[in-house]
Amino acid sequence: MRRRVAAVVALVVGAATLVLGVVNSVNQFPRGLGVLACVVIAAVAAWYGALRRGIARLAGLYVAGVALAGVVIFIVVGGKFGVDLLVLVGLLVTLAATRAAFTSHVDLPPATAPQHAVLFYNPKSGGGKAERFALAKEARDRGIEPIELKLGDDLETLVRGAVARGADGLAMAGGDGSQAIVASVAAELSLPYACVPAGTRNHFALDLGVDRDDVVGALDAFVDGGERLVDLAEVNGRVFVNNVSLGLYAEAVQRSGYRDAKMRTILDTVPDALGESGSDLDMRWTGPGGHDHRGGAAVLVSNNRYRLGRAIGSGTRPRIDDGLLGITVLGAPADGDQRRLQRPWREWTAPTFEVEADRPLPAGVDGEALVLDAPLRFVIRPGVLRVRIAHQHPGSSPSATVPEGLRAGLVQLVHIVLGRDREHVATGTAG
């Protein structure tokens, strides 16, 4: 019923906001055209400034700031600020209601609870979530053995030692880098695995369908949880659960001073990647059409495809059992010696991917800064990880039921209102 109410609100408020926006634009012409022009100028000037250093950078960013100030002036001084604010509120309400309408909960196939489940936890991860939520005590109360990861410990060694002592279920409370290590061993030995969202961002937990706000409840995955099969990905034999980033960001985090001045360090890296003389970040790769390419400001290879550029569900993976890598190249320059930028990004999927270079490449692997020897060979390992998820948690990604495209979204909202919708959430099941 809540989903139907949310769908009604999304459709009604969305339609009213659209009508109000169109009427306001017509009545306020040419103010709306001026706002659009200022936004375009600001974007172009900011891009120009980011590609350069010194006076040229300052000039570009200054023009961008002036253009954004023009946007504010057009809106505030132009007259009907109250109507503009009402349109903005309408858009926000429509997005929130649409997100609520597409919220899903999947009833995963039940699975037998392990007899000797083990929880590995990093007490420092996520600002000390494990200690704040008393995870060790909560685990013992559920019959799960807690093992603390201490400074200097090798996590993989701890995991394999626990398995040698009879562990038949593995859980990790920590960041995604630690999750990858435990998940890798669990997949290798075909043991059930549970992701406890005790890290900082917990991207893997989100896309698995674990409630990131219910850290303690995630332990119930080994009490009465359901099971699904998901994919893992590898780069040069190293398992990752989320993604590997190459290029601009990966280069920036390697530089001295990044932690003290992150934004400044990233800006100083941009000309090396995208400027006219930039060559330090050159990479060679093959596109979806089989053609060879060079360069790119950033390459993101992910364990299944991320949804990008959407108002709802952007930055999450609709599926994590699709058996394909997600590949995104940002700012790929034209082939040859030209540095003319093409589309902002290109995106495709493939079971394998390879990046060649003449030197080792800085890489962010599930958020960890590393340097990997070229060539980098990426592969997907379909359905190798048996994931347990607590029955009260969603069991699927926030974007799993969000349709692709505006038209499909409107049709789905109407179906929800009429009670004709069916949640099509692709999940793996234990074989």
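**Polar contact and core**

A: In this predicted model, the backbone oxygen of Gly 199 lies 3.0 Å from a polar atom of the Lys 129 side chain. Lys 129 sits in helix α5, residues 129-132. Lys 129 is buried but has no salt bridge; Asp 213, the nearest side chain of opposite charge, is 6.9 Å away. Leaving aside neighbours within four places in sequence, Lys 129 is in contact with Pro 197, Ala 198, Gly 199, Thr 200 and Asn 202.

Next, the core. The largest nonpolar core has 52 residues, and Leu 135 and Leu 385 have the most contacts inside it. Helix α8 (residues 176-189) gives the largest share of this core, six residues. A second, separate core has 25 residues, among them Val 299, Val 329, Trp 348 and Phe 378.

Not counting residues up to four places away in sequence, Leu 385 touches Ala 183, Ala 186, Ala 187, Tyr 193, Phe 204, Arg 228, Leu 229, Val 230 and Leu 232.

Phe 204, one of the residues touched by Leu 385, is found in helix α9, residues 203-208. Phe 204 counts as buried because its relative accessibility is 0%, and the cut-off for buried is under 20%. Phe 204 and Asn 243 are 39 residues apart in sequence, and their C-alpha atoms are 9.8 Å apart in space.

Notes: Residues numbered from 1 in each chain as written. Predicted model: local features only at pLDDT ≥ 70, side-chain atom pairs only at ≥ 80, totals over all residues. Heavy atoms only, no water. Helix = DSSP H or I, 4+ residues; strand = E, 2+ residues; numbered from the N terminus. Buried < 20%, exposed > 50% of the residue type's maximum accessible area, 1.4 Å probe, protein only. Lys, Arg positive; Asp, Glu negative; His and termini not counted. Salt bridge = Lys/Arg side-chain N within 4 Å of Asp/Glu carboxyl O. Polar contact = N/O pair within 3.5 Å; in protein donor to acceptor, adjacent residues only side chain to side chain. Contact = heavy atoms within 4.5 Å. Core = buried A, V, L, I, M, F, W, Y, C linked by side-chain atoms within 4.5 Å.
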